[in-house]
Number of protein chains: 2
Amino acid sequence: MAATKDPRPCSIADALALVGEKYSLLVLREVCLGNGRFDQLVRNIGAPRDVLAARLRRLVEAGILTKRVYSERPQRFEYRATQAGLELEPVLTTLREWGDRHLRKGTDLPMVVEHSCGSPLVTRVTCEACGGVVRHEDLTARPQAPGWTLTGPATA
Amino acid sequence: MAATKDPRPCSIADALALVGEKYSLLVLREVCLGNGRFDQLVRNIGAPRDVLAARLRRLVEAGILTKRVYSERPQRFEYRATQAGLELEPVLTTLREWGDRHLRKGTDLPMVVEHSCGSPLVTRVTCEACGGVVRHEDLTARPQAPGWTLTGPATA
DNA sequence: TATGGTGAGTCCAGTTTTCCAACTCACCGG
DNA sequence: CCGGTGAGTTGGAAAACTGGACTCACCATA
């Protein structure tokens, strides 16, 4: 009598439940750029103030951002990325590169990120174990959750 | 008299406009796993059928998926990732690793991905130019869009 | 030929979210 | 005192999402 409705258990889905709402990743983008004040976020992201306030609460609660006082009297706050937040930066980097390549065809880029080595950042995702570039064909997914196979729920 | 409302021009925002809606990246997850049929997507993702149909239309239109007939009479379709779609896989990989680490603390993972080298995939993002690991502190963002600085719109 | 099942959607009523502008509240600078 | 800034909250209208039920075409089998 199990609800035949539960989706596949998955860390991607869980992560997206936290940062997949509209504007959340853009908040992280601005915070990573060092723009952590409320009004800055409103201007640079273009989100409604109430939605932004909700996102910020959620991200702080999830341990992705912290809210820090940078001035008592007038009390002023600043949001900063935690370690967990910074570890999401590769998601932003990958999305930016993808957008640059596929949506702007590599020209008229609105923002260039430079690596400390001096060149514009182009990233490569490698396997930590063997050092090789990771391609789709080299990956094999192994579901571990009980009741689930690669293709879907076990008919059980 | 420019609308003081335009957000920062940004490829991340543009990319998210395409794949940032609820379920879109989960569709890509399933398609990358080889599960490209409509009913499979419904079951494995848990999305309402009409929302899923809308997402699929949009992703096909954006050139991220293709719709392929795998059986005439009974006509049956299958969605597959295009090259552009496959290039979004690193986003999924990063999100999965982040979720595994921060949401499940590395235990009871619902899905393990194995690299062709034989070990469970753990990725590293490196700079293509110098080969070094990319860290937040090593990045410098340079806005190129006219009217925009790192911190926000130029007062013009 | 009737019965049931699959695949791929569409339709609909009801609930949530989102959007946007306006408003608050505290403080500061002149 | 007046205007401005920072950080939100409030209140509706508009859009998106939700969970079924429904369609339509095509087998399979009995």
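The contact between the two protein chains draws on 82 residues of chain B and 82 residues of chain A. This is a predicted model. Together chain B and chain A bury about 7,500 Å². DNA strand D has 23 residues around it, and DNA strand C has 22.

**The protein–protein interface**

- Carbon and sulfur atoms make up 63% of the area buried between chain B and chain A.
- The interface of chain B and chain A holds 10 salt bridges.
- One salt bridge joins the side chains of Arg8(A) and Glu30(B), with N to O at 2.7 Å.
- Between chain B and chain A, 38 residue pairs are in polar contact, counting pairs with both residues at pLDDT 80 or more.
- On chain B, the elements that each give at least two residues to the side touching chain A include the helices α1 (11-19), α2 (24-33), α3 (38-45), α5 (83-86) and α6 (89-102).
- The strands β3 (111-115), β4 (123-127) and β5 (139-143) of chain B also each give at least two residues to that side.
- α6(B) gives the most, with 12 residues.
- By class, the side of chain B that touches chain A has 45 nonpolar, 19 polar and 18 charged residues.

**Strand pairing across the chains**

- Strand β3 of chain A, residues 111-115, pairs with β5(B).
- The pairing of β3(A) and β5(B) is antiparallel and runs over 5 bridges.
- Within β5(B), Thr140(B) stands opposite Glu114(A).

**DNA strand D**

- The residues that come nearest to DNA strand D are Arg49(A), Arg76(A), Phe77(A), Tyr23(B) and Arg55(B).
- Of the atoms of DNA strand D within 4 Å of the protein, 63% are in sugar and phosphate.
- Lys67(A) places a polar side-chain atom 3.0 Å from a phosphate oxygen of DNA strand D.
- Tyr79(A) has a side-chain N or O atom 3.0 Å from a phosphate oxygen of DNA strand D.
- From chain B, Lys22(B) has a polar side-chain atom 3.1 Å from a phosphate oxygen of DNA strand D.
- The surface near DNA strand D has 14 charged residues, 9 nonpolar and no polar.

**DNA strand C**

- Nearest to DNA strand C come Asp50(A), Arg55(A), Lys67(B), Arg76(B) and Phe77(B).
- Sugar or phosphate supplies 64% of the atoms of DNA strand C within 4 Å of the protein, and bases supply the rest.
- Arg55(A) has a side-chain N or O atom 2.7 Å from a phosphate oxygen of DNA strand C.
- For Tyr23(A), the distance from a side-chain N or O atom to a phosphate oxygen of DNA strand C is 3.3 Å.
- Asp50(B) meets a base: a polar side-chain atom of Asp50(B) lies 2.9 Å from a base nitrogen of DNA strand C.
- On chain A, α4 supplies at least two residues of the surface near DNA strand C.
- On chain B, α3, α4, β1 (65-71) and β2 (76-81) each supply at least two residues of that surface.
- The surface near DNA strand C has 13 charged residues, 9 nonpolar and no polar.

Terms used: Residues are numbered from 1 along each chain as its sequence is written. Chains are lettered from A and ligands numbered from 1 in the order in which they are written. This is a predicted model: local features need pLDDT of at least 70, side-chain atom pairs count only at pLDDT 80 or more; totals for chains, interfaces and linings use all residues. Side-chain values use heavy atoms; hydrogens and water are left out. Contact means heavy atoms within 4.5 Å. Buried area is the accessible area (1.4 Å probe) that two parts lose on being put together, summed over both. A salt bridge is a side-chain nitrogen of Lys or Arg within 4 Å of a carboxyl oxygen of Asp or Glu. A polar contact is a pair of N or O atoms within 3.5 Å; within protein, one must be able to donate a hydrogen and the other to accept it, and residues adjacent in sequence count only if both atoms are side-chain atoms. Helices (H or I, at least four residues) and strands (E, at least two) are DSSP runs, numbered from the N terminus. Ala, Val, Leu, Ile, Met, Phe, Trp, Tyr, Cys and Pro count as nonpolar, Asp, Glu, Lys and Arg as charged, and the others, Gly among them, as polar. Two strands pair if DSSP finds at least two bridges between them. A residue is near a molecule or strand if one of its heavy atoms lies within 4 Å of it.
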